[in-house]
Amino acid sequence: MLDLLSDILNKLSMRGTLYFRTSFTKPWGVAVPSYENVARFHFAHRGACLVRVNGVAEPIALNQGDLVIIPHGASHDLYCGHDPEHTVMPLDTVLERSGFDGSGVLVYGGEEPQSETQLICGHFAFDPKSRHILMERLPPYIHLTNYGETAGRFMEATLRVIGEEAGGHKMGGDLIALKMSEAIWAQAVRSYLESDAAQDSALGGFSDKHLSKALDAFHKAPADSWTVETLAHAAGMSRTGFAVQFREQMQMPPMEYVTGWRMEIAKNVLKQGDASLTDAAESAGYASDSAFTRAFKKEIGVTPAEFRRTERADHSHA
């Protein structure tokens, strides 16, 4: 069975994409547009640059070995050198001027080759109909300094392999780099949840030693007959203490979290062509189709049948 974080990321149907590896020389700048249901990432394989995220007051200094993730797909500028107001160009313009065709390395910039910045850039796309507070409540950016070292030898080796494989000429190199990048996303989210910043956010329950036990137990058996009492027992706490602490650290009652995740599971079942309404109800812990339908409509805003029709219509036009 999957652990708590793995289960959440797996159900969100994450798909990774590496969209370029760069060789930028000063002065250079790229304006990356916003995009919905996407988390962007940039890893400084060599050299350094600044990252200015829309809505964030100060630019982020991305040094060699650093990783920055922009969880909500906000527009942002990557740049290095003087006069960024004139050197930062839209991504489409940079791609056109560089002649980049989507393969190999994106080479762009000024006449200072000794200042080369190599970035590995990519994104993770999520099903637009999937929802979870983990994604919704991540901060505007996650900056992990000296990531290759702090994440351990495995991640250091992974980043090195990605740097060698991405955009290279060996067979299967792009696929290898892509799958390894998905491991980086999971590692980065885990690092954030374990950080002091997460303790003060609305995601503190994921790293709380008691609440995380209850969350993990629920995610391993979401269809069981969960109550505040059984969740508190899994956490090793009293019912009242658990309910109060859960609301404080997760900014919602425990059963609201339970219902929300059960509906995500049911939506995944409803997307399967051969699954019945009863299959979806049972996956979400409901013995009655009618009770499930009422809960689903209250949570999602449409009935299970309407949700399924919309899904099929979307796929037929895709």
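**Entry 1: Glu229 and Arg239**

I started with a salt bridge: the side chains of Glu229 and Arg239 meet at 2.7 Å, N to O. The term means a side-chain nitrogen of Lys or Arg within 4 Å of a carboxyl oxygen of Asp or Glu. Glu229 lies in helix α10 and Arg239 in helix α11 (residues 239-250), so the pair ties together parts that are ten residues apart in sequence. Helices (H or I, at least four residues) and strands (E, at least two) are DSSP runs, numbered from the N terminus. I looked up accessibility next. Glu229 is partly exposed at 43% relative accessibility, and Arg239 is partly exposed at 42%. Here buried means under 20% relative accessible area, exposed over 50%, and partly exposed in between, with a 1.4 Å probe and protein chains only.

**Entry 2: What I am looking at**

This is a predicted model, in which local features need pLDDT of at least 70 and side-chain atom pairs count only at pLDDT 80 or more, while totals for chains, interfaces and linings use all residues. Residues are numbered from 1 along each chain as its sequence is written, and side-chain values use heavy atoms, with hydrogens and water left out.

I checked confidence. pLDDT is the predictor's confidence in each residue, from 0 to 100. Its mean over the chain is 86, and 88% of the residues reach 70 or more. Confidence is highest in helix α10 (residues 228-235), at a mean of 98, and lowest in helix α5 (residues 147-150), at 62. Where pLDDT is low, the predicted coordinates should not be read in detail.

The chain has 15 helices and eleven strands. Of its 318 residues, 47% are buried. Contact means heavy atoms within 4.5 Å. Among contacts with a separation of 6 or more, 72% join residues 24 or more positions apart.

How many salt bridges does the rule give? The count comes to six. I looked up Glu116 and Arg46, whose closest N and O atoms are 3.8 Å apart in a salt bridge. Glu116 is in strand β10 (residues 112-125) and Arg46 in strand β3, so this pair ties together parts 70 residues apart in sequence. Glu116 is partly exposed at 22% relative accessibility. Arg46 is also partly exposed, at 43%.

Then I turned to Arg52 and Asp77, which meet in a salt bridge at 2.9 Å, N to O. Arg52 belongs to strand β4 (residues 49-53) and Asp77 to strand β7 (residues 76-80), so the link joins parts 25 residues apart in sequence. Arg52 is partly exposed at 28%, whereas Asp77 is buried at 17%.

**Entry 3: Ser23**

Ser23 lies in strand β1 (residues 15-26). Ser23 is buried, at 14% relative accessibility. Leaving out residues up to four places away in sequence, Ser23 touches residues including Val105, Tyr108 and Thr117.

**Entry 4: Arg40**

Arg40 is in strand β3 (residues 38-46). The side chain of Arg40 does make a polar contact with that of His123, at 3.5 Å.

**Entry 5: The cores**

I looked up the nonpolar cores last. Such a core is a set of buried Ala, Val, Leu, Ile, Met, Phe, Trp, Tyr and Cys residues joined through side-chain atoms within 4.5 Å. The largest has 48 residues, of which Leu67, Leu134, Trp185, Phe206, Phe242 and Tyr257 touch the most other members. Helix α7 (residues 173-193) gives the most to this core, with six residues. A second, separate core has 24 residues, including Phe20, Cys49, Val53 and Leu119.

Key
A polar contact is a pair of N or O atoms within 3.5 Å; within protein, one must be able to donate a hydrogen and the other to accept it, and residues adjacent in sequence count only if both atoms are side-chain atoms.
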